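Colleague: Could you walk me through this one before I start setting anything up? I'd like to hear about pockets first, then the packing.

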Amino acid sequence: MVILKMMGTSLGQRAGRATLSVLALAFSFALLLVISHIHEAVRSYARQVSSEADLVISAPTQPMHLVLYSLFGIGTPPPVLPWSVYEDIAAFAEVEWAAPVAANERHEGHTVTASTGHYLDTLQLQAVNFIGRTEVGTTFRNERSAFIGADLGHLYHPGEVLPIASELSPSADDVPDSSFIVQGVLVETGTSLDKNILVPIEGLRTIRRAQGISSDVINFMLIKLHDRGSLAGVQQRLQEAYPVPLAVVDPIIELARLGYYERMLNKVFMAMSFIIGLLSLLMIFFNLAAAFTERRDEVELLRMVGARPWQLAGLTLAEPLLQMVLALFSGSVLYKLCTLFLGRWIPLVNRIDLPVEQLFWLLLLFLLGFGLACLPAWRMYGVSKKT
């Protein structure tokens, strides 16, 4: 009991420096966990989305631009293709399903994206507030149904009519033949789809014909093959022998190239967090070393009450370990608060829990701290044996 009181008194005398060390270490712990979580969330989502479609096809454009727009809504739509190209490719024996996507229509300035259920499933979209339904999902009720993005949820409500036009906002005369009915509101994705209106492409084609628009075009299509082993043959056939120039992109390959740079950036942030943690541990170590000479009176008093050298060493080791445990607890709480906040800004963060293997750097930092803490403890053991 006397030893514990002495440790409490000793820490109290250095409360300011000890608190600063704990906060700095807690910040580094939290930063390591948050960076690992975001990195894993992005990788997991990219793997899941890219695995749903084997090919993305459009008019000639940059492959990376095509993948980023088609799967993540980043950038601008690629050039258009005639509908006949989609019908021709969808009829290939190797194709399991093909999802055409058109993004040329507007409603009061908001992009109207038209496709099929396969496109919505590929992007793992979900929606709520269904007309006459309560479950979560993205199945169009009919050709005139529409899902609105999360950012438009406060502007429109299920059951509301949305007229569309190919370029500018439609006039009142367009409403009877060019309207969709809001079926539900998409769950926030953190992409440009939060500002889009999603409709069935067959309904859009019907409206185009009703408006007298002769051009029936799409911006790109997603292709799923029966067997991914036939991917190289299909890709070569479309790029070299197809009569219309096409961009035929394997999203997995393109995302792997992007992932290389993403991993490099992640390592930089992880290294910065690790260095902050290491500096915090050194701060704890130097605080203990600086106070070592000041604690000689404490050592003498503890020796007088019967404390043995190993007990004094254990007391010296307990101080930094207590600070590290407090920092780990505080860092974990801060990490949870950060993920709750980031989850509202980056919805991908809420989709996964941090894998256990991502705690490697945290464990390494803790072991380094333990090693540093052993140095003053060993010194205390040697000094106390001589006295």
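**Pocket, cores and backbone**

Modeller: In the lining of the largest pocket, H8 gives the most, with 10 residues. This is a predicted model, in which local features need pLDDT of at least 70 and side-chain atom pairs count only at pLDDT 80 or more, while totals for chains, interfaces and linings use all residues. Residues are numbered from 1 along each chain as its sequence is written, and side-chain values use heavy atoms, with hydrogens and water left out.

Colleague: How much space lies in the largest pocket?

Modeller: About 960 Å³, where a pocket is an open set of points on a 1 Å grid over the protein atoms alone, at which a 1.4 Å probe fits, with protein on both sides within 12 Å along at least five of seven lines, and lining residues have an atom within 4 Å of a point. There are 31 lining residues, and Val42, Arg43, Ala46, Leu258 and Glu262 are the closest to the centre of this pocket.

Colleague: Which helices each supply at least two residues of that lining?

Modeller: Those are H2 (15-52), H3 (63-72) and H8 (251-290), helices being DSSP runs of H or I with at least four residues. The lining also takes at least three residues from each of domain 1 (2-46 + 257-386) and domain 2 (55-243), and by type it divides into 18 nonpolar, nine polar and four charged residues.

Colleague: Switching to packing, which residues have the most contacts inside the largest nonpolar core?

Modeller: Ile89, Met221, Ile223, Leu238 and Leu246 do, in a core of 38 residues, a core being buried Ala, Val, Leu, Ile, Met, Phe, Trp, Tyr and Cys residues joined through side-chain atoms within 4.5 Å. Helix H4 (residues 83-90) provides the largest share of this core, four residues. Apart from it lies another core, of 31 residues, among them Trp97, Phe147, Leu222 and Val249.

Colleague: Where is Glu108, given its positive phi without being a glycine?

Modeller: Glu108, with a phi of about 50°, lies in the loop between strand S3 (95-107) and strand S4 (110-115), strands being DSSP runs of E with at least two residues.

Terms used
Grid points are joined across faces, edges and corners, and a volume is the space filled by probe spheres set on the points. Ala, Val, Leu, Ile, Met, Phe, Trp, Tyr, Cys and Pro count as nonpolar, Asp, Glu, Lys and Arg as charged, and the others, Gly among them, as polar. Domain bounds come from an automatic or database domain assignment. Buried means under 20% relative accessible area, exposed over 50%, partly exposed in between (1.4 Å probe, protein chains only).
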